[in-house]
Amino acid sequence: MTDLERRYRWLLRAYPADYRRERGAELVGTYLDLAGPGRRWPSPADAADLLRGGVRQRLRAAGADDLAPGVRLAAALALLTATTLAGIWAVGELRAPTGYGVPGFGPFVSLGVVVWAGWLLAALVLAVAPGRAARLTIGGALLLTVAVVPVAAATGLPRPPLLVLAPQAALGALALALPTRPAALTRYAPLAGAALAAATMQGVVGRGTYWGYYGWTAETILPPAGGLLLAVTVLLGVGLAMRQDHRGGWALLVLLTPIGLLTVHLLAGAVDGLGGAPRPTYPTLVGSSLVVALAGPLLLPLAVAVRRRLAPPLRFRSPLQPGPTLSFGPTSQSAPTFQSGSMIQPAPTSQPGPTLQPGSAVQSGPTSRPGANGSDAGRSDARCPTCGRPN
């Protein structure tokens, strides 16, 4: 066994054991045939393909093969929410604190303007060039969302609070699971949502009014966004479940963490006994955020495990393995059988029964055929059981 084959077999551990026994040698042989001469390591594309296939087969064995479509549905909803919020925050960034003695970032409120510009660009690229370019732009916007925290700490410039950045990062990470060829609604809805949100924010804030992320922002924008995302996901899940489609349930499980982070200050206020006040204590806010951030990733594998216990066992069979032969009738006598490329032959009987031919009448039993001189009287009319002609 060569080093390349050994490494391919190690990657094959991503597949279930039954699948490896049935088709492991076939898969490894295919990859070895396609590998170039002198190669010692699997290519990154081959490794990613094997890992994706292994996860897909494990989900199929657990009866959760509809999890991947559910994640794609959740990704579309997450990107729509992220770009809508970016449209709101981008308009707010134009209200620089001039004359108030509050530090800003040039003509903008904070470094957040760079982050929101990245998300608006991602919505535009998705509408114009979906696929790899859109996914790279979403990844860049997510990187800006995370990087603004250390950049602000290093430069001393203001940034959006973690209360705003944390749910945006969670939504962006989930948006990376968008399909390569999304539907038209998935392509254009994020850009339309961002434009509508920006226009609404422009009318609410007004021109020349100072605006900041703290205060009413946490009370007015984030909780309704989380509640609306929850309501839309539940309604989609119910509608899909009525058609025996469980994508909505998986999408709800995946979106629990972003929804929780959008409403985390209300949850923390309830823990503090403040009746859902928007300004809980900082330790409670941090603790609630950690619980919410871990709840979704823990509930998802638990749901897959429950689905696996409820699903019937799945046996993997190679497509090259012949299937069983289908037979009809009892086996005590010569019964008709069905073979590929053959005809169904009737079972022999002790006496010939009635024969029906196209354009002829049904004859019951043997008949006599008298000849011209009567010498053939009493002779049986024997016919071929296949074509019906007289013998």
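This is a tour of a predicted model, stop by stop, with what to select at each one.

Local features are described where pLDDT is at least 70 and side-chain atom pairs where it is 80 or more, while totals for chains, interfaces and linings use all residues. Numbering starts from 1 along each chain as its sequence is written, and side-chain values use heavy atoms, with hydrogens and water left out.

**The largest core**

Select Trp89, Trp116, Trp119 and Leu255. These residues touch the most other members of the largest nonpolar core, which has 49 residues. A nonpolar core here is a set of buried Ala, Val, Leu, Ile, Met, Phe, Trp, Tyr and Cys residues joined through side-chain atoms within 4.5 Å. Buried means under 20% relative accessible area, exposed means over 50%, and partly exposed is in between, with a 1.4 Å probe and protein chains only.

Next, colour the elements that give two or more residues to this core; among them are helix 4 (67-93), helix 5 (112-128), helix 6 (132-155) and helix 7 (162-175). Helices are DSSP runs of H or I with at least four residues, numbered from the N terminus. Helix 4 gives the largest share of the core, 14 residues. A second, separate core has twelve residues, including Leu4, Tyr19, Leu27 and Leu50.

**The tryptophan pair**

Which residues form the aromatic pair? Select Trp89 and Trp116: their ring centres are 6.3 Å apart and their planes are at 40 degrees, a tilted arrangement. Rings of Phe, Tyr and Trp (its six-membered ring) pair if their centres lie within 6.5 Å; planes under 30 degrees apart count as stacked, over 60 as edge-to-face and the rest as tilted. Trp89 is in helix 4 and Trp116 in helix 5, so the pair ties together parts that are 27 residues apart in sequence. Both Trp89 and Trp116 are buried.

Now show what surrounds Trp116. Leaving aside neighbours within four places in sequence, its contacts (heavy atoms within 4.5 Å) include Ala86, Pro160, Val164 and Tyr213.

**Along helix 6**

Select helix 6 and look along its length. At 1.5 Å a residue, its 24 residues should span 34 Å, and the end C-alpha atoms are 33 Å apart, which agrees. The expected span is 1.5 Å times one less than the number of residues. Stop at Ala147, where there is a kink of about 35 degrees shortly before the proline Pro150. The bend at a residue is the angle between axes fitted to the seven residues ending there and the seven starting there.

Show the side chains of Ala134, Ile138, Leu142 and Val148, which are among the buried residues of helix 6. The buried residues of this helix pack against helix 4, helix 5 and helix 7. Just after helix 6, Gly156 has a positive phi of about 80 degrees.

Move to Asp272, in the loop between helix 12 (264-271) and helix 13 (282-310). Is Asp272 buried or partly exposed? Its relative accessibility is 28%, so Asp272 counts as partly exposed. Not counting residues up to four places away in sequence, Asp272 touches Pro280, Thr281 and Thr284.

Thr284 is in helix 13 and is buried, with a relative accessible area of 15%. Beyond four places in sequence, Thr284 is in contact with Ala268 and Val271 as well as Asp272.

**Last stop: Gln244**

Select Gln244, in the loop between helix 10 and helix 11. Its phi is near 60 degrees, a positive value in a residue other than glycine. Gln244 has 65% relative accessibility and counts as exposed.
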